Each structure stands twice: as C-alpha cells, then as structure tokens.
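Open the model in your viewer and keep the sequence panel beside it. This tour goes stop by stop: what to select, then what is there.

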Amino acid sequence: MDIYLSKINLLKSWLIAHGVGAMYADWIKLAIVFALIAFFAWIANFIAKRIILTILSHIAKKSETLWDDILIERKVFHKLAHLAPAIVIFYTVQLPLAGYPGWLTFIQKASMIYMVVVSLAAFLAFIDSAHDIYLTMPMSKTRTIKGYLQVAKIILYTIAIIFVLHIIFEFNLGSFFTGLGAMTAVLMFIFKDTILGLVASIQLSANDMLRPGDWIEMPSRKADGVVQDINLTTVKVQNWDKTVTTIPTYILVSDSFTNWRGMEESEGRRIKKSINIDMKSVKFYNEEMFSKLGNDAVVAKNFNVKKYVSEASIADDKGNDASHRTMTNLGLFRAYLESYLKGIALIHPDMTQLVHYLQPGEFGLPIEMVAFSKEKAGIPYEKLQCDIYDHILAMLPLFELRVFQRPTGEDGK
C-alpha cells in the first residue's frame with residue numbers, strides 16, 4: 001500500500017514539476033487514479049460477464065444435466081458477476097482517498113452494502129433455481145416445498161438487513177443478537193402469521209393433506225375449486241366460476257375442508273340422488289300393469305318383468321301364491337332401477353349399486369339411488385346424472401307412480 005501511495009505522490013510531484021498548481025495537481029491526481037480504478041473495475045466486470053459467464057453458459061448447453069441450465073436461466077452466475085467490480089472498487093479506493101477518511105469510509109461502506117445486496121439477489125435466485133429443479137422431480141407432484149423456500153428467503157432477507165445495519169452503524173453483532181433474543185416475544189407477535197403458516201405448511205406437507213392441483217371444498221371460506229398455489233402464508237384456490245379464493249395456510253389446519261383427491265384417484269365417483277314419490281300413487285301389482293310393462297320396449301330392454309315377478313312370488317304356508325299381496329308398483333319400479341343402473345356402461349359394475357327407500361315424510365317417500373360413475377370429470381359426470389334423472393322421470397308414469405311436488409297455480413285449473 002505504501003508503495004502505491006508513494007507512486008501517487010510521485011505523480012503529484014511530476015504534475016507540479018510540469019507547471020501545474022498544487023491544488024490542481026491534487027484534483028488531477030485524484031481524477032487519474034479514479035479513472036484507473038474505473039478502468040480496472042470495467043476489466044473485472046468484462047472478465048466476469050463476457051468471458052466467465054460465456055464459458056459457463058457454453059458448458060451448461062453442452063451438458064446433459066438440467067440443473068445447470070436452470071441456474072443459467074435464473075441468472076445466478078450473472079448476479080454473482082456483479083461482485084467483481086465492487087470488490088475491485090472496495091480494495092483500490094483506499095489509494096486515492098487515503099487522505100480523505102470520510103469519503104473513504106462512505107465509498108467502502110457503499111461498496112459493502114452493494115455486495116450484500118448482490119449476494120442476497122444471487123442467493124434468492126439460487127433458491128428459485130432449487131425450486132425449479134425440484135419441480136422436475138416426480139415427488140414434486142405430491143409434496144410442495146414452496147413454504148420452506150419462503151422461510152429460507154425470509155432468513156436471508158433478515159441476515160442481509162442485519163449486515164447492512166451493521167455496516168452503516170458499526171454496532172457489535174454479539175450485543176445485537178443478545179438484544180434480539182430479548183425481543184423474541186415482540187418478534188413472534190409481529191411474525192405470528194408467518195410462524196403459523198410455516199407450522200401449517202409443514203403439517204399439510206407431512207400429512208399429505210393438500211397438494212397443488214387438488215380439488216377442495218371449504219364452504220366457510222367460499223372456496224370450491226382447484227388449488228393453484230401453496231405458499232408460506234396463503235393457499236390460492238381457483239373456483240369453478242374462475243374466481244380465486246385466498247385462504248390463510250393455517251386455516252386449512254385449524255378448520256375442516258373437503259379434499260376430493262381420493263375420489264379422483266379412485267375407480268369411480270359416487271352418484272347419490274333421491275326422488276320423492278307421492279305415497280298416494282303406491283298400489284299393489286296387478287295383471288293389467290304386468291301386461292302394460294311387458295309390452296313396453298324400453299322396459300323390456302332394461303328389465304325382465306316376467307322373470308322378476310316369477311322369482312319374487314312367495315307362497316304362504318298352505319301353498320297359495322301370495323305375490324299379489326306383497327308386490328307393488330313401487331317395488332317393481334325399485335327393481336327396474338336396479339336393473340337399469342346395472343345396464344349403464346358408465347356405471348362401475350364392481351362398486352356399490354343400491355336403490356332403497358329413505359324415511360317417508362311430509363314430502364313423500366324418497367327413493368334413493370347410490371352408484372359410482374366411471375366418469376369423474378365434472379361435465380361428463382353431471383351429464384350422466386342428468387340422463388339417469390331424465391329416464392327415471394319419464395318412466396314413473398308407466399309404473400303408475402307420481403313425483404311429489406308442491407301444488408302450483410296450474411294445478412287449480
């Protein structure tokens with residue numbers, strides 16, 4: 001350092017010897033030295049960005065691995081390259097400003113703050129690259145690490161802020177962290193949502209409660225749609241009407257919600273619907289009804305009436321046929337529905353199929369159908385339900401049954 005300072009003083013003496021005034025010689029000396037520092041900083045920047053970065057980009061393109069391409073795409077090395085000119089300025093600015101301690105301290109502190117900011121940007125880019133690399137792995141489909149990476153970013157931001165404050169105010173880091181420990185309660189209150197979100201995201205991930213792409217339903221938050229994003233503090237759900245509901249992450253642990261992933265991963269989606277039958281329309285089976293049903297093409301296609309009646313005939317203790325006392329049009333219709341559901345190609349044959357009665361009430365006798373559709377997507381699934389309902393409503397009059405509904409103005413005409 002002394003050698004360089006002596007050479008700078010020789011430059012000043014040379015300027016004075018050639019007729020430059022002492023005051024002007026100082027300014028010219030500083031201008032020349034600063035120009036040299038700027039030149040060397042430019043050289044360092046050129047080497048780092050134009051040579052080293054070009055070589056790294058070429059190597060990344062030639063390699064078969066994906067992670068190095070992601071690092072280049074996220075500009076991790078490009079951000080690190082900004083350190084080169086800052087390091088040159090930090091160590092060489094002492095030469096022209098040795099006699100100006102105020103300016104020297106200011107420029108060196110500014111250089112250090114710049115290096116902290118650049119390092120922070122590079123680390124943040126590296127974390128984003130790590131997330132992109134993780135997304136290429138199969139396990140990313142079932143486990144999200146976005147919450148953990150956000151915690152890492154918060155820690156990096158905190159460390160960077162502490163270092164910047166330390167550079168500016170030159171306080172003792174040991175004393176600072178001691179005081180920081182005493183402020184733990186205040187910090188926990190300030191970062192309450194972040195801490196709750198961190199714990200909740202760990203629980204959601206560890207217990208596999210939620211994944212991006214899951215269809216969830218949470219009426220208390222008016223959410224019914226697909227999970228788009230899971231981060232440290234919020235979960236974004238795109239509802240079926242294309243609106244987006246944002247739910248705090250910890251709410252998904254403290255409150256209940258429905259995850260339809262199990263249905264999507266199963267072999268079928270359940271259909272569970274009921275129709276209220278007017279109990280006044282229920283009556284015993286008779287030969288006239290048998291004849292009418294037997295001659296109907298739609299019934300014959302889905303249901304063998306004669307075979308069913310034959311198998312359902314019950315003899316009493318004296319050997320008399322008692323089917324006329326037990327067979328009803330409603331029982332026939334229930335048997336028809338069972339046969340009809342078995343004949344639908346989109347109904348899963350190996351999963352539950354059930355047609356039964358619910359508790360009768362003031363709105364009639366509910367007859368409920370339970371089956372599982374092979375179609376699980378929204379539109380095909382709903383279309384299948386509609387087709388089944390259309391068929392049932394059209395077939396009821398053939399079995400001399402009526403649907404229960406409240407009287408309307410048309411009923412009085």
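Start with the charged pairs. The structure holds 9 salt bridges; a salt bridge here is a side-chain nitrogen of Lys or Arg within 4 Å of a carboxyl oxygen of Asp or Glu. This is a predicted model, in which local features need pLDDT of at least 70, side-chain atom pairs count only at pLDDT 80 or more, and totals for chains, interfaces and linings use all residues. Residues are numbered from 1 along each chain as its sequence is written, and side-chain values use heavy atoms, with hydrogens and water left out.

**Stop 1: R74 and D132**

Select R74 and D132. Their side chains form a salt bridge, 2.7 Å from N to O. R74 sits in the loop between α3 (67-73) and α4 (76-81), and D132 in helix α6, so the pair ties together parts that are 58 residues apart in sequence. Helices (H or I, at least four residues) and strands (E, at least two) are DSSP runs, numbered from the N terminus. R74 is partly exposed, at 34% relative accessible area. The cut-offs are these: buried is under 20% relative accessible area, exposed is over 50%, and partly exposed is in between (1.4 Å probe, protein chains only).

**Stop 2**

Next, select K283 and E400. The side chains meet in a salt bridge of 2.0 Å, N to O. This pair links distant parts of the chain, 117 residues apart: K283 is in the loop between β6 (269-277) and α13 (287-294), and E400 is in the segment after α18. K283 is partly exposed at 36% relative accessibility. E400 is also partly exposed, at 22%. K283, K292 and E400 are linked in a network of salt bridges.

Stay on E400 and look at its backbone. What is the phi of E400 near? It is near 60°, a positive value in a residue other than glycine. Most residues other than glycine have a negative phi.

**Stop 3: K242**

Go to K242 for another backbone of this kind. Phi of K242 is near 75°, again positive in a residue other than glycine. K242 lies in the loop between β3 (234-239) and β4 (244-248). Is K242 buried or exposed? At 61% relative accessibility, K242 counts as exposed.

**Stop 4: helix α18**

Select residues 378-395, which make up helix α18. Pick out K383 and D387. Both lie in α18, 4 residues apart, about one turn of the helix. D387 is partly exposed, at 36% relative accessible area.

H391 counts as buried, at 16% relative accessibility. Which residues does H391 touch, not counting those up to four places away in sequence? They are V298, N302, Y336 and Y340. Contact means heavy atoms within 4.5 Å.

**Stop 5: V370**

Select V370, in strand β8 (residues 365-373). V370 is buried, at 10% relative accessibility. Leaving out residues up to four places away in sequence, V370 touches R270, I271, K272, T352, Q353 and L354. Draw a distance from V370 to I271. Their C-alpha atoms are 5.6 Å apart, although the two residues are 99 residues apart along the chain.

**Stop 6: α6 against α7**

Select helix α6 (residues 101-135) and helix α7 (residues 146-169). Their axes come within 10 Å and cross at roughly 175°. Axes are lines fitted to C-alpha atoms, for helices over the stretch in contact, and angles run from 0 to 180 degrees between N-to-C directions. Angles over 145 degrees count as roughly antiparallel, and α6 and α7 are therefore roughly antiparallel to each other. Show the side chains between them. Contacts from α6 include M112, V116, L120 and F123. Residues they meet in α7 include L149, L156, Y157 and F163.

**Stop 7: helix α2**

Select I47, in helix α2 (residues 22-62). I47 is partly exposed, at 38% relative accessible area. I47 belongs to a nonpolar surface patch of about 1,000 Å², and its other members include F39, F40, W42 and F46. Patches are made of residues with over 30% relative accessible area and no salt bridge; nonpolar side chains (Val, Leu, Ile, Met, Phe, Trp, Tyr) are joined within 5 Å, like charges within 9 Å.

**Last stop: the whole chain**

Zoom out. The protein chain has 18 helices and 8 strands. Buried residues make up 32% of its 413 residues.

Terms used. Accessible areas come from the Shrake-Rupley method with a 1.4 Å probe; for residues, only the protein chains shown count as cover. Angles under 35 degrees count as roughly parallel, over 145 as roughly antiparallel, 65 to 115 as roughly perpendicular and the rest as oblique.
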